[in-house]
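This briefing goes through a few local features of one structure, topic by topic. Please read it with the sequence and the coordinates open beside it.

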Amino acid sequence: MHRPIDEPGRGDGAARGPVPVPPPHRPHPVPAAEPAGPWTAAAGDGVPDPGRVDPRVLGALLARHGWQRRGGAAGRYGRWTPPGGGPGSGGTSLLVPDSLAFPDSEDLIGEALTALARSATPSAREVLTGLAVPSDEIRWWREVPQGPAGTVPWPEQERLRSAARKILLAGALAVRGRAGYHGSRHRAAAQAALEPVVVGTDPGGRALTAFLPVPPGRPVAVRLHHALHAAREAVDYQRATGGMEAFDSAVEAGVSRELTDALVALVRGTEGARIALAWAPAAGVPEGCAARPEPVEFSPGDLPALREAGARYLTDEPSVPVRITGAVVRLRRSGPRGEGTVRLRVLGGADVGHVRVTLDEEAYRTAGHAHLVGLPIRVVGRLESRGGFRRLADATGVVPVQVDEAERDRLMKSLHENLDFFEEACGPEEER
């Protein structure tokens, strides 16, 4: 028996014969369609839609990640080979048009994207990531002793990841405001800004690349660009003159204790570390930045200056006068009378999640009554940098705040779900 011509084949090596009828089955659920955008991926294969890929952007990403252009018809297309692959190496070779002006341009781009998706070259995945979502790239290197077969031990890889996270967080905090020490201020908003970031790891474990989508990640990339170069210049000034004045002016560029601590974590235990930034080709160069920023390098000899700067930022950051509205989530005092300590979940007035405040007996009683009836309180004081801006000093004017019924119901529900927070004895975490 022969297969009808309109039936799909089973491969050249398959034996011909009757086609078995599969048993009945339930169809797979069809996912809801996502809104189409200029960088919508093709269904099912994770490859960007060839019709939405600019060949100039593809060529720029290939060049950035070490691919070599080796000939091709001038003005029509170029042939690209992966890093380390010569014309006769037998590796992946991509034919990329120079523009979309030719009838077969989209077909060539589609073939190139498919070849990248199937390539074992590590940079191929990074090129596809940069095409799928236009992203600024930040890349870290750490010079550490090699393990077996040229790899980096797992603890060293974890140190690289941890330091990279801290550097990104320092950049996101600097976007929210300039300060020598941020503490717990703006931390929730900064962490939320980093949620879209995608990370790719070098196979050897010596490098790490973060892709910051544009938008919303460009402000973080721009701030880090300025902050890292300012930190490098401040370290050079301190090592040359012994003065710390350059670190004071570097705060305006985004340098902070959080950044100096992150750089210490990146460099400690290495022979040196390097950070490079590259802008998304599809988004262009941001105003006031170099088109191809030079990598910023730090060495173990820079650690004393970075540590001294971090200590200076911590002690010099002033307290902040605030008027906070917050819900009481914990009460503590040593006896039935006298002053006590209250922990507030901040609802407004300061960019922190929680604060602790010491109240006199009358104010403490007011806070307790407000807590029992599900009302927040308002208090005036100074948010102290000591302890990371988690303490309110010189508190006065404690009064309950009226809220609408929906907010009050929500606060009361939170109270009943967390009854153990309402206690006269402080848990261990209260003292941290």
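Predicted model: local features only at pLDDT ≥ 70, side-chain atom pairs only at ≥ 80, totals over all residues.

Asp394 is exposed, because its relative accessible area of 54% lies over the 50% cut-off. This residue belongs to strand β13, and its phi is positive, at about 55°, although it is not a glycine.

**Backbone geometry**

- Phe389 is likewise a residue other than glycine with a positive phi, here near 60°, and its place is the loop between β12 (377-384) and β13 (391-400).
- Is Phe389 buried or exposed? With a relative accessibility of 0%, Phe389 counts as buried, since the cut-off for that class is under 20%.
- Val214 and Pro215 are joined by a cis peptide bond whose omega is about -20°, and Pro215 sits in the loop between β6 and α6.
- The peptide bond that leads from Pro215 to Pro216 is also cis, with omega near 10°, and Pro216 is found in the loop between β6 and α6.

**The largest pocket**

- The volume of the largest pocket is about 420 Å³, and its lining is made up of 23 residues, of which His65, Glu126, Glu137, Arg139 and Thr209 lie nearest the centre.
- Two or more lining residues come from each of α3 (122-132), β4 (135-142), β5 (198-201), β6 (207-213) and β7 (273-278), and the largest share, 5 residues, is that of α3.
- Sorted by class, the pocket lining holds 11 nonpolar residues, 6 polar ones and 6 charged ones.

- Rolling a probe the size of a water molecule over the atoms shows where empty space is left.
- How many cavities of 30 Å³ or more does a search of the whole structure find? The search returns 1 such cavity, and the largest cavity holds about 60 Å³ of space.
- The residues that line the largest cavity are Ile138, Leu224, His225, Leu228, His229, Ile275, Ala276, Leu277, Pro293, Glu294 and Val296, which divide into 8 nonpolar, 2 polar and 1 charged.
- At least two lining residues are supplied by each of α6 and β7, with α6 giving the most, 4 residues.

**Helix α9**

- Which residues of α9 are buried? They are Leu303, Ala305, Leu306, Ala309, Gly310 and Tyr313, and because they cover an arc of only 165° around the axis, they lie on the same side of α9.
- The buried residues of α9 pack against α6 (218-241), α7 (245-250), α8 (257-267) and β8 (296-298), whereas the face turned away from the buried side carries the exposed residues Pro304, Thr315 and Asp316.

Definitions and conventions:
Residues numbered from 1 in each chain as written. Heavy atoms only, no water. 1 Å grid on protein atoms, 1.4 Å probe; cavity = no way out; pocket = protein on both sides within 12 Å on 5 of 7 lines; lining within 4 Å. Points joined across faces, edges and corners; volume = space filled by probe spheres on them. Nonpolar A, V, L, I, M, F, W, Y, C, P; charged D, E, K, R; others polar. Buried < 20%, exposed > 50% of the residue type's maximum accessible area, 1.4 Å probe, protein only. Arc of directions from axis to C-beta. Contact = heavy atoms within 4.5 Å.
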